Amino acid sequence: MSAINNLEHLSELLQRQSRAFADLNVNMNHEQMAAVVARHMLPQSGRFLAISRLFYEGEDITGWKILTTANRERSYEWDRQDILRWDKIAPVLRDSVANGKPYILASLKEVTSEQDSPELHNLLLANQVETYLNIPMLVDGKAIATLFVMSRQATVFSPDEINTFANLGDQMATLIYARSLLDEARQSQQFALELVDTNRNIMQAETNEELAVSLLEALPETVMGMTIALFNKPLQPGEKPDRLETQFVASRTGSDTLHVPDFIPEDDGGLPEM
């Protein structure tokens, strides 16, 4: 490629990158982001991309899952649910992700043992992929996902293309992280509002039924029911009750008033002294 052609190629890439940057925003999900980048950055026939999530245990990556794919015309939600095991990924590809560096495999048909990632490559070969470029998507130097650019024809990715995809990968990673912080803030705000409502309902409860229902509504949905049980009399310090009586039962499907006494044996040492 001549110097003039190189400049023209770089100028076109930068224009496409600018348009992609302008269209990406924090309210987008993975599928929408993939569609934007593919539309602007994949004018060539036979190219498509994927956004993949990385799974961590502590500081160690344990798995890799493709979330969505896209070509220049549309995006596709990935319907396979399997997570690729990280220990089945080639060491050279694992190291590149861990170090935040791009990785290129020029030909899937000429893979050496050091380059082979059996689960991943079988998946790519089934989709007629010949060449791929993997870009770690970084937040504070840590890969949270990858941008995976694929071609069904043997392709040479230029350094300018690699830099452009890396810039877009970092931009998407920042947006994904920002969205996760916004989602956490919204969840915390919703929890705080629900807690205020619950506290108000408890303070205003005039019966055990209203109290139990209010408490149950404040608990996670995995809690299916609760009971309110009362001792038979107010207790003085050191005194033990004669019985415990279940007054009310509330569940997710309804509530009922009960009077079921449980007599407490004299030698029962399970109750602490007051």
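This is a predicted model: local features need pLDDT of at least 70, side-chain atom pairs count only at pLDDT 80 or more; totals for chains, interfaces and linings use all residues.
**Entry 1: N134.** Leaving out residues up to four places away in sequence, N134 touches W64, L93, V97, K101, P102, Y103, T146, L147 and F148. I then looked up where N134 sits: in strand β6, which covers residues 131-139. Is N134 buried or exposed? Its relative accessible area is 0%, so I noted N134 as buried, the cut-off being under 20%. For polar partners of the side chain, I found the side chain of T146 at 3.4 Å. T146 is also in the list of residues that N134 touches.

**Entry 2: aromatic pairs.** How many aromatic pairs does a search of the whole structure find? I noted four. One of them is W64 with W86, a tilted pair with 5.8 Å centre to centre and 55 degrees between the planes. The two residues are 22 apart in the chain, and I noted that the pair links distant parts of it. W64 belongs to strand β2 (residues 60-70), while W86 lies in the loop between β4 (84-85) and α3 (91-98).

I checked burial for both rings. W64 has a relative accessible area of 1% and is buried. W86 comes out at 9% and also counts as buried, because the cut-off is under 20%.

Which residues form one aromatic cluster? I wrote down W64, W86, Y103, Y132 and F148.

**Entry 3: strand β1.** I went to β1 (residues 47-57) and counted burial along the strand. Eight of its eleven residues are buried, so β1 is largely enclosed by the rest of the structure.

Which strands does β1 pair with? With β7 (residues 142-151), the pairing is antiparallel over seven bridges. In that pairing I found A50 opposite F148, and F148 is also a member of the aromatic cluster. With β2, the pairing is antiparallel as well, over nine bridges.

**Entry 4: K142 and Y56.** Last, I looked up a charge over a ring. The charged end of K142 sits over the ring of Y56, at 4.3 Å from the ring centre.

Terms used:
Residues are numbered from 1 along each chain as its sequence is written. Side-chain values use heavy atoms; hydrogens and water are left out. Helices (H or I, at least four residues) and strands (E, at least two) are DSSP runs, numbered from the N terminus. Buried means under 20% relative accessible area, exposed over 50%, partly exposed in between (1.4 Å probe, protein chains only). A polar contact is a pair of N or O atoms within 3.5 Å; within protein, one must be able to donate a hydrogen and the other to accept it, and residues adjacent in sequence count only if both atoms are side-chain atoms. Contact means heavy atoms within 4.5 Å. Rings of Phe, Tyr and Trp (its six-membered ring) pair if their centres lie within 6.5 Å; planes under 30 degrees apart count as stacked, over 60 as edge-to-face and the rest as tilted. A charge sits over a ring if NZ of Lys or CZ of Arg is within 6 Å of the ring centre and within 35 degrees of the ring normal. Two strands pair if DSSP finds at least two bridges between them.
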